[in-house]
Amino acid sequence: VTRSQSRSILISDKMHEQEDAGSDSEESIESISSEKSNWRDRYNSQRQYIEAEQWFVRFEELKLYKAQHGHCGVPRYIEKLGRWVHTQRTQYRRLQEGKQSRMTDERFGKLESIGFQWSPRGTNEDAWNNKFEKLKSYKVKHGHCNVNTKRAGKLGKWVDYQRQQYRLLQEGKQSSMTDERIQKLESIGFQWSSRLSENKSAVEAAKRVTRSQRRSIMISDEMHRHEAKRVTRSHSRSILISDKMHEQEDADSEESIESKSLKECNWRDHNNNRKQYNDAKWIARFEELKSFKAKHGHCNV
């Protein structure tokens, strides 16, 4: 029933496609039926016929998938069609390795006719072009193709690999570098020597340092000018304060001398009175000690 439903769906889809194109639907149905009849005639056993019929159904589904998505890269998680696409790649690898395979020349031709990719990642040329587009984006952003081969991840490694392959080509050794790739890379200003890239980067760095130094000198000059102004103002204030102090000293000089003389006189009188007081106090204590000895027979107070 499932096979019958699949055939009905395929026939219905073909009819709608032919109607959209303005063709006769009966001719479309007859064409599909005729193609399937040719498949039946080629296989003797029932098992081979069923396998061939299933292959035909999946191929038609793949054609519809491409018409909808624009490619044949069906993911494996898309149930039966995804698994079938993976099986075709496996059978093709077995054929390439000389092992038993169900991949025939006719199947290979049909799959090739709709742009089937035998590797899920695409061809090597597709991968190269993908990296080239990333390099072009890098140049638009940074203004050059000097990708840092140590810090730029996969793109940096790819750039380094292109230079290696170019050197091998120059030395007459086996290389994946082609004239077409050389033209593409040179069209965006790609440099084949990493030293040239490093020198250019060094020159740009030197320019940046020079600009930085000029800014530092300008800032330093401006700071010196402000400092000079500040010191000048501070020095002027110091001179004014000093002049005021000298004026005050000149005005108070006579009073200061008289005041100092008076203080010296008072200090002498004070010292004389204090000496007399101490002498009198000592004598009084001595008399008290004499009385203590007369009473106790010793001076060990």
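I started with Leu185 and looked up its contacts (heavy atoms within 4.5 Å). Leaving aside neighbours within four places in sequence, Leu185 touches Trp128, Phe132, Leu135, Trp158, Gln162, Met177, Phe190 and Trp192.

This is a predicted model, so I noted that local features need pLDDT of at least 70 and side-chain atom pairs pLDDT 80 or more, while totals for chains, interfaces and linings use all residues. Residues are numbered from 1 along each chain as its sequence is written, and side-chain values use heavy atoms, without hydrogens or water.

Next I checked the largest nonpolar core, which has 16 residues. A nonpolar core is a set of buried Ala, Val, Leu, Ile, Met, Phe, Trp, Tyr and Cys residues joined through side-chain atoms within 4.5 Å; buried is under 20% relative accessible area, exposed over 50%, partly exposed in between (1.4 Å probe, protein chains only). Leu185 is among those with the most contacts inside this core. H6, H7 (153-170) and H8 (179-187) each give it two or more residues; helices are DSSP runs of H or I, at least four residues, numbered from the N terminus. Apart from it I found another core of 15 residues, including Leu62 and Trp118.

Then I turned to H3 (residues 46-69) and H5 (residues 105-113), whose axes come within 11 Å and cross at roughly 10°. Axes are lines fitted to C-alpha atoms, for helices over the stretch in contact, with angles from 0 to 180 degrees between N-to-C directions. H3 and H5 are therefore roughly parallel (angles under 35 degrees).

Last, I looked at Gly115, in the loop between H5 and H6 (124-142). Gly115 is partly exposed, at 43% relative accessible area.

Technical notes. Parallel < 35°, antiparallel > 145°, perpendicular 65-115°, else oblique.
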